[in-house]
Amino acid sequence: MLNLAVLISGGGSNLQALIAATAEPGFPARIVCVGADTDAPGLAHAERAGIPTFVIRPGDFRSRDEWGQMLAAAIQEHGVGTGPNPGLVVSAGLMRILPEGFVGAFSPELINTHPALLPSFPGAHAVRDALAAGASETGVTVHIIDEGVDTGPVLRQAVVEIREGESEDQLHERIKEVERPLLVATVREIAEGSLDLAAVAAGRTGAD
Ligand code: GAR
């Protein structure tokens, strides 16, 4: 059983998809804690499911590094990132760049879902940027987090066509419809061992 720590900043629809999937009998992973950098509305999904939550705000610390250390410690308290079964940290809508020390502590068992086809449109405004660029398609990328911003090795991607005249919110909602099952499927593959994060990070195997 793979232990998951999920990190969020917002509404947490990807978190909710993971909660629903991991509640199914036979799913090879379980969520042991949910963390946020702010009072994210999505924390309510975890509370309803009886999953422990914590909020660690960057503004309460002197530096991003210190925030990262406290965030890492909170996750490790739940047994993720320590011991023989290190588990997996899933950034599912965490709108913060994780400090280097944090990445070093968990990567490659540290993944992110991003609403664009990386390397196109990295950063916090991926959906807006794709529309502004006049792209005809965008999508979702699930990737390993490394020290860069949305630069880590790609695990899985899915394409979403952009419709004429649609708003950022409309497009993001359609992306999320594709994103939620892709994230769940990727976590399943990692938990089953058919997707080997250490091998992908080392460049030993492609991620198809
Ligand atoms: C998701 O689309 C995720 O890819 C995006 O935030 C959304 C969270 O939705 N993350 C980023 O843009 C990170 N750069 P949710 O709160 O409904 O799961």
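The side chains of Arg156 and Glu189 are joined by a polar contact of 2.7 Å in this predicted model. Arg156 belongs to strand β7, which covers residues 154-161. Is this arginine buried or exposed? With a relative accessible area of 14%, Arg156 falls under the 20% cut-off and therefore counts as buried. For a sense of its place in the fold, Arg156 can be set against Ile97: the two are 59 residues apart in sequence, and their C-alpha atoms are 21 Å apart in space.

Turning to the overall layout, the domain assignment divides the chain into domain 1, residues 1-106, and domain 2, residues 113-208. The C-alpha centres of these two domains lie 19 Å apart. How many residues meet across the boundary? On the domain 1 side there are 20, and they are in contact with 17 residues of domain 2. Together the two domains bury an area of about 1,500 Å² between them, and carbon and sulfur atoms give 77% of that area.

The side of domain 1 that touches domain 2 draws at least two residues from each of β1 (2-8), α1 (13-23), β4 (88-91) and α4 (100-106). Of the elements on this side, α1 gives the most, with five residues. Sorted by class, this side of domain 1 has 15 nonpolar residues, four polar ones and one charged one. As for specific pairings across the boundary, the count of salt bridges between domain 1 and domain 2 is zero, while three residue pairs are in polar contact, with both partners at pLDDT 80 or more.

Ser91 has a relative accessible area of 3%, so it is buried. Which residues does Ser91 contact, leaving aside its neighbours within four places in sequence? They are Leu7, Ile111, Asn112, Thr113 and Ile145. With Asn112, the serine also forms a side-chain to side-chain polar contact of 2.9 Å. Phe106, by comparison, is 15 residues away from Ser91 along the chain, and the C-alpha atoms of the two are separated by 12 Å.

Definitions and conventions
Residues are numbered from 1 along each chain as its sequence is written. This is a predicted model: local features need pLDDT of at least 70, side-chain atom pairs count only at pLDDT 80 or more; totals for chains, interfaces and linings use all residues. Side-chain values use heavy atoms; hydrogens and water are left out. Domain bounds come from an automatic or database domain assignment. Contact means heavy atoms within 4.5 Å. Buried area is the accessible area (1.4 Å probe) that two parts lose on being put together, summed over both. A salt bridge is a side-chain nitrogen of Lys or Arg within 4 Å of a carboxyl oxygen of Asp or Glu. A polar contact is a pair of N or O atoms within 3.5 Å; within protein, one must be able to donate a hydrogen and the other to accept it, and residues adjacent in sequence count only if both atoms are side-chain atoms. Helices (H or I, at least four residues) and strands (E, at least two) are DSSP runs, numbered from the N terminus. Ala, Val, Leu, Ile, Met, Phe, Trp, Tyr, Cys and Pro count as nonpolar, Asp, Glu, Lys and Arg as charged, and the others, Gly among them, as polar. Buried means under 20% relative accessible area, exposed over 50%, partly exposed in between (1.4 Å probe, protein chains only).
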